[in-house]
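Q: I'm new to protein structures and would like to learn how to read one. Could you walk me through it?

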Amino acid sequence: MPVFRCSVSLAAPLDAVFSFFSSAGNLEVLTPPWLRFRVLTEGEILMTRGTQIDYRLRLHGVPLRWRSVITAWEPPHRFVDEQVIGPYRSWIHEHRFGVEERAGRGPVVIASDEVRYRAPGGWLIDRFLVAPDLERIFRYRTARLRERFGSPDD
């Protein structure tokens with residue numbers, strides 16, 4: 001199963017970063033506009049183990065529905081969402097949040113993502129479509145997070 005990993009250092013308190021990720025509505029802020037991503041679940045979404053969230057997006061112009069379920073919820077350090085309906089054979093996205101001490105800079109929050117997935121069509125679709133898309137999506141996400149929380153490397 002392919003695995004995509006990335007992380008970003010943020011100049012904000014751990015509780016503030018985790019709180020931001022705890023709001024399903026912020027997924028729209030972190031998702032590139034070219035995906036036309038929208039949360040469909042109405043009302044306030046209480047994030048906890050077992051929470052299901054429905055989305056709509058366009059992937060390469062194809063409209064898709066996606067449902068994920070939170071399968072692990074360990075504030076403020078970790079949560080996992082898994083696709084139960086959507087375009088992938090399997091999609092397990094683990095979010096981790098930790099604090100690292102940096103000399104002369106104090107504590108820094110590290111937000112890490114690990115996505116284990118199986119694309120329909122196998123390695124060929126993964127290599128030419130999915131993997132490049134994930135790189136673009138997470139580059140966008142990293143930029144938005146740095147804009148919101150700042151980067152300790154600035």
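This is a predicted model: local features need pLDDT of at least 70, side-chain atom pairs count only at pLDDT 80 or more; totals for chains, interfaces and linings use all residues.

Q: Is L124 buried, partly exposed or exposed?
A: The idea is to look at relative accessible area: under 20% is buried and over 50% is exposed. L124 counts as partly exposed, because its relative accessibility is 44%.

Q: Which residues make a nonpolar surface patch with L124?
A: For a patch, you look for nonpolar side chains that are joined and have over 30% relative accessible area. Here W123, L124, I125, F128 and L129 make a nonpolar surface patch of about 520 Å².

Q: And on the inside, which residues of the largest nonpolar core touch the most other members?
A: A core is read as a set of buried nonpolar residues joined through their side chains. The largest one here has 40 residues, and V17, F21, F97 and L145 touch the most other members. Elements giving two or more residues to this core include β1 (3-10), α1 (14-21), β7 (106-118) and α3 (122-149). The largest share, 6 residues, comes from α3.

Q: What is F97 in contact with, leaving aside its neighbours within four places in sequence?
A: Contacts are about heavy atoms within 4.5 Å. Among the partners of F97 on that count are L14, V17, F18 and F21, and the list also includes P76, H77, R78, F79, I110 and A111.

Q: Now the charged side chains: how many salt bridges does the structure hold?
A: You look for a side-chain nitrogen of Lys or Arg within 4 Å of a carboxyl oxygen of Asp or Glu. The structure holds 8 of them. In one, E114 pairs with R5, with the closest N and O atoms 3.0 Å apart. That pair links distant parts of the chain: E114 is in strand β7 and R5 in strand β1, 109 residues apart. R5 is exposed, at 57% relative accessible area.

Q: Where do D113 and R141 lie?
A: These two side chains meet in a salt bridge too, at 3.1 Å from N to O. D113 lies in strand β7 and R141 in helix α3, so the pair ties together parts that are 28 residues apart in sequence. Both D113 and R141 are buried.

Key
Residues are numbered from 1 along each chain as its sequence is written. Side-chain values use heavy atoms; hydrogens and water are left out. A nonpolar core is a set of buried Ala, Val, Leu, Ile, Met, Phe, Trp, Tyr and Cys residues joined through side-chain atoms within 4.5 Å. Buried means under 20% relative accessible area, exposed over 50%, partly exposed in between (1.4 Å probe, protein chains only). Helices (H or I, at least four residues) and strands (E, at least two) are DSSP runs, numbered from the N terminus. Patches are made of residues with over 30% relative accessible area and no salt bridge: like charges are joined within 9 Å, nonpolar side chains (Val, Leu, Ile, Met, Phe, Trp, Tyr) within 5 Å. Accessible areas come from the Shrake-Rupley method with a 1.4 Å probe; for residues, only the protein chains shown count as cover.
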